[in-house]
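I'm opening my notebook on a new chain today.

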Amino acid sequence: MECLECGEKIIGRSDKKFCNDACRNAYNNKQNKDSTNLMRNVNNKLRKNYRILMELNTDGKAKIAKSRMDGLGFDFDYFTNLKVYKNGSEYRFIYDYGYKFLEEDFVLIVRNQA
Ligand SMILES: [Zn+2]
């Protein structure tokens, strides 16, 4: 068995994954850092999307060209929840702001009053 952190052969119990506490800590810190970075990146994208929806939808409802949202850097892959209504319309929400795709590359932005 080799240490997951440094790759050294581990002497002793066969179920040990690290040669010592320092290696275990270093390994765990790296794992945590990766997930923290991932979460930070996703949060930044959500925050940016949210800000764009908020800026475009000042009246409670707005019909906006998708290309304009693309131009502002809106990332359509990131949203917080999906809502499908009985009439079949599908809204993607980022917190309280939602949007659905309309025909001819337009997007309808709404705000859900909580
Ligand atoms: Zn080690």
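I place each charge at NZ of Lys, CZ of Arg, CG of Asp or CD of Glu. With that, I find 21 positive and 16 negative side chains in the chain, and the centres of the two sets lie 4 Å apart.

A note on what I'm looking at: this is a predicted model, where local features need pLDDT of at least 70, side-chain atom pairs count only at pLDDT 80 or more, and totals for chains, interfaces and linings use all residues. Residues are numbered from 1 along each chain as its sequence is written, and side-chain values use heavy atoms, with hydrogens and water left out.

**Layout**

I looked up the secondary structure and got 2 helices and 5 strands. These are DSSP runs numbered from the N terminus: helices are H or I with at least four residues, strands are E with at least two. In sequence order the pattern reads α-β-α-β-β-β-β.

**Shape**

How does the radius of gyration sit against that of a compact globule of 114 residues? The chain has 23 Å, while the globule would be near 13 Å. The radius is taken over C-alpha atoms, and the globule rule is 2.2 Å times the number of residues to the power 0.38. I also noted that the C-alpha trace spans about 65 × 30 × 30 Å along its principal axes. One pair I checked is E104 and G7: they are 97 residues apart along the chain, and their C-alpha atoms are separated by 56 Å.

**Inside**

Next I asked what share of the 114 residues is buried. It's 25%, where buried means under 20% relative accessible area, exposed over 50%, and partly exposed in between (1.4 Å probe, protein chains only).

Then I went to the largest nonpolar core, which has 14 residues. Such a core is a set of buried Ala, Val, Leu, Ile, Met, Phe, Trp, Tyr and Cys residues joined through side-chain atoms within 4.5 Å. L53, M69, F74, Y99 and I109 have the most contacts inside it. Helix 1 (21–56), strand 1 (61–65), strand 4 (97–101) and strand 5 (106–111) each give two or more residues to this core. Helix 1 supplies the largest share, 4 residues.

Beyond its neighbours within four places in sequence, Y99 is in contact with residues including L53, F74, F79, V107 and I109.

**A62**

A62 is in strand 1 and is buried, at 12% relative accessible area. Skipping residues up to four places away in sequence, A62 touches L56, N57, V107, L108 and I109. T36 is 26 residues from A62 in sequence and 35 Å away, C-alpha to C-alpha.

**The loop between strand 4 and strand 5**

My last stop was two residues in this loop, E104 and D105. Most residues other than glycine have a negative phi. Phi of E104, however, is positive, near 60°, and D105 has a positive phi of about 60°. Are they buried or exposed? E104 counts as exposed because its relative accessibility is 70%, and D105 counts as exposed at 55%.

Definitions and conventions
Lys and Arg count as positive and Asp and Glu as negative; His and the chain ends are not counted. Contact means heavy atoms within 4.5 Å.
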